[in-house]
Amino acid sequence: MFISVFLILFALCVTLIPEAHYHMVRVWSFVATIIPMWVVTWMWWNFDASGHGLQMLVILGRSHLAFGIDGVALSLMLLTTVLFPICMMLLRTVAGFMTFILLEVLVLSALCVLDLLGFYILFEASLILLFLLIGRAPYGSLEAAYKIVLYTMAGSLVLLPTLFMIYSECGTTNVLYMTCAYNHQTVLGWGLLAVLAVKIPLMPVHLWLPEAHVAAPTAGSVLLAGVLLKLGGIGFLRFMLPVVPEFCVSVFPLVSTLCLVSFLFSTLSTLRQIDLKKIVAYSSIAHMSMVTLAIFSQSEFSAYSSSFLMIAHGLISPALFLIVGILYDRAHTKFILYFSGLGASMPIGSTLFFLFTLGNLAFPLFPNFIAEVLCMVSIFAVHELLAYVFCVCQVLGAAYGFWAFNRVVHGLPRGPADVTRTEFHTVLPLLIGAVWLGIKPMA
């Protein structure tokens, strides 16, 4: 609560500062996002990892609105507070600083809230700010902005009447007090699945994500891949599994089919893309489909493996978007056909691109490798054939990853200048986090 109030007050102060004082606002915005990172780090340090329940509960009186954290939410909060200072280094307008500070408030609140209606409100409020980021003039795309609104609203219009019905029957939408009968579980389960499948996203409601990434600025793509996609995962883990467990078991065949189709479609589509941002975006869809399948497997390691993959993806994918943004700043294009021989002109940038490509392909000593192995273990525990299919399909990930890397880095050298010291330090925290998470579990 303290973090949210502090950031809201800072955002209000930013609105009073003229655009001419951009550099001063940038410094203070960076400092303002560093403070929540230290607060969340202190929470992580004092968190009792041996317990499995909710900790640091805050219940707001008779409204039944409650906030609390568990291991998954705390990990995602730490990832969120690390990514926002990086985003502040990429922004160039006062309006952008205010937008991202308000987004941080909404995301951190959504990760902590224990009320379904509160989660829905915070979940949808971020859509307004996303619309402004993606549809901004003159660089954005109104078509992509309207597409994400239409896709998300379609699922939301299914969930909202369901929440009102559940409130009239149960008297609350707080997961601490909710107990749903089986018929209510079915209705609420379909409502939650409709909106969370759009957010994570699963086929056939995934088409907004590549368009949103292409239209969004680099900071928006970093935030979208690193944090906002994970709201769908936390919704599955915190609300669907505890509140509608019977529905989750009954709908597993449908969800597993959607995840498999999403994985195959996204990896095959990536082989045909020429836009670097779309390549990274489709790889995100593939990873999120594996996260969803691991969650719905409900095996012994499902929650741990899916949350670990979300954290790993939240480090690797934003770093790839940062590298694409660096290339765009120099060449003013994201089309892969215009890049060649970057290994000669950008040795440091090419090395970073190579390392994060290996991480995205789940190479050993990177966190994606550990996370995907754990997800495979979770899937093998419930459906061996499905797990074998996913293992075979991993070859497609290596195909598109190395194809994109070879096309950009090798060939005749006609690339731009290497990364600057500031750009390197922007990517460095994500590289340190990826290497640390990849090596530490093996120690």
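These legends describe close-up views of cavities in a predicted model.

Local features need pLDDT of at least 70 and side-chain atom pairs count only at pLDDT 80 or more, while totals for chains, interfaces and linings use all residues. Residues are numbered from 1 along each chain as its sequence is written, and side-chain values use heavy atoms, with hydrogens and water left out.

**View 1. Cavities in the whole structure.** The search finds three cavities of 30 Å³ or more. A cavity is a set of points on a 1 Å grid over the protein atoms alone where a 1.4 Å probe fits but cannot get out. Points are joined across faces, edges and corners, and a volume is the space filled by probe spheres set on them.

**View 2. The largest cavity.** Its volume is about 110 Å³. Lining residues (an atom within 4 Å of a point) include Leu-276, Ile-279, Phe-353, Asn-360 and Tyr-400. Helix 13 (276–297), helix 16 (347–360) and helix 18 (384–409) each give two or more residues to this lining; helices are DSSP runs of H or I with at least four residues, numbered from the N terminus.

**View 3. Residue classes around the largest cavity.** Eight lining residues are nonpolar, three are polar and none is charged. Ala, Val, Leu, Ile, Met, Phe, Trp, Tyr, Cys and Pro count as nonpolar, Asp, Glu, Lys and Arg as charged, and the others, Gly among them, as polar.

**View 4. The second largest cavity.** This cavity holds about 50 Å³. Among its lining residues are Ile-323, Leu-327, Met-346, Phe-353 and Val-408. Helix 14 (302–331) and helix 16 each supply at least two, and helix 16 has the largest share, three residues. The lining has six nonpolar, two polar and no charged residues.

Definitions and conventions:
On a 1 Å grid over the protein atoms alone, a cavity is a set of points where a 1.4 Å probe fits but cannot get out, and a pocket is an open set with protein on both sides within 12 Å along at least five of seven lines; lining residues have an atom within 4 Å of a point.
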